[in-house]
Amino acid sequence: PYRHAGHSVNTSQGNYFTVANHADTDLSSGDWTIELWAYAHSAPGVSNVFLAKGTYVSTLSYIFAVLANGSLEWSSGTGSWSATSYTSTAGDFVFGQWNHIAAVRDGTSIHMYCNGTRVSTHASATMPANTNDPLYVGHYVNHNTYAHDGYIRDLRILKGTALYTGTSYTVPDEPLTAITNTDVLICQSNRWEKDNSTNNFTVSVPQGTPAAVPFSPFAPTRQYTKDVV
């Protein structure tokens, strides 16, 4: 109990949750950044979906996931089941450990990063559609095959800012905060349903029992000592 370094959300065993639909999660125009820490126990049969907006077949906006070969995948939908998918190199994402990942739109390009390194870039990339669906965290609705079996920490969405634009960046070594243009900031409190952005979006559970757990990519803030109460 003395080496506690923060919470993440356990989405294993098909547990997932949603963030209510809002204009601030519409990424159909402008610059934006999605970033998070993700831990996947092992390679999935198909893919681990970290974040998705839209519903299967009828609507689709975007999906951020990792494939069975460790390749990051970003899919942008057009409001129906017709998505353009971009992938990185196999093995970029390492299973069984924490990975800091990001998807960024800068101008007309979409970049993906893993552990501080740009692993994929696509110029004139297809933009997500504007749909009226919630964000699904740790799952892609109606498809348990795509559930994220692991943990998510510090999922932050910035709308209006391309936070990472170069070939590399310094991986965060402390919890993320609500900087300018933060629209969503979840999976970092001792309550899984807490959104720490100024929007304070409603978070709900459509399936299972996601839980905040004391498991984090960050080092403990201090060692135990009997002299500190």
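Analyst: Happy to! Leu158 stands opposite Thr182 in β13. Please keep in mind that this is a predicted model.

User: What makes β12 and β13 a pair?

Analyst: Two strands pair if there are at least two bridges between them. β12 and strand β13 (residues 182-186) have four bridges, in the antiparallel sense, so they meet that cut-off.

User: How do you know that strand β1 pairs with β12?

Analyst: Strand β1 (residues 8-10) and β12 share two bridges, and at least two are needed, so they count as a pair. Their sense is antiparallel. Within β12, Tyr151 is the bridge partner of Asn10.

User: And which residue stands opposite Tyr39 in β12?

Analyst: Tyr151 in β12 stands opposite Tyr39. As for strand β3 (residues 32-40), eight bridges join it to β12, and the two run antiparallel.

User: Why is strand β12 called largely enclosed?

Analyst: A residue is buried when its relative accessible area is under 20%. Nine of the 10 residues of β12 (residues 150-159) are buried, so the strand is largely enclosed by the rest of the structure.

User: Why is Asp154 called buried?

Analyst: Asp154 has a relative accessible area of 0%. The cut-off is under 20%, so Asp154 is buried. Asp154 is found in strand β12, and it has a positive phi of about 55 degrees although it is not a glycine.

User: Let's step back to the whole chain. How many helices and strands does the protein have?

Analyst: There are zero helices and 15 strands in the protein.

User: Then why is the protein called as compact as a globular protein of its length?

Analyst: Its radius of gyration is 17 Å, close to the 17 Å that the globule rule gives for 229 residues, so the protein is as compact as a globular protein of that length. Buried residues make up 52% of the 229 residues.

User: What share of its contacts join residues at least 24 apart?

Analyst: Among contacts between residues at least 6 apart in sequence, 67% join residues at least 24 apart.

Definitions and conventions. Residues are numbered from 1 along each chain as its sequence is written. This is a predicted model: local features need pLDDT of at least 70, side-chain atom pairs count only at pLDDT 80 or more; totals for chains, interfaces and linings use all residues. Side-chain values use heavy atoms; hydrogens and water are left out. The radius of gyration is taken over C-alpha atoms; the globule rule is 2.2 Å times the number of residues to the power 0.38. Buried means under 20% relative accessible area, exposed over 50%, partly exposed in between (1.4 Å probe, protein chains only). Contact means heavy atoms within 4.5 Å.
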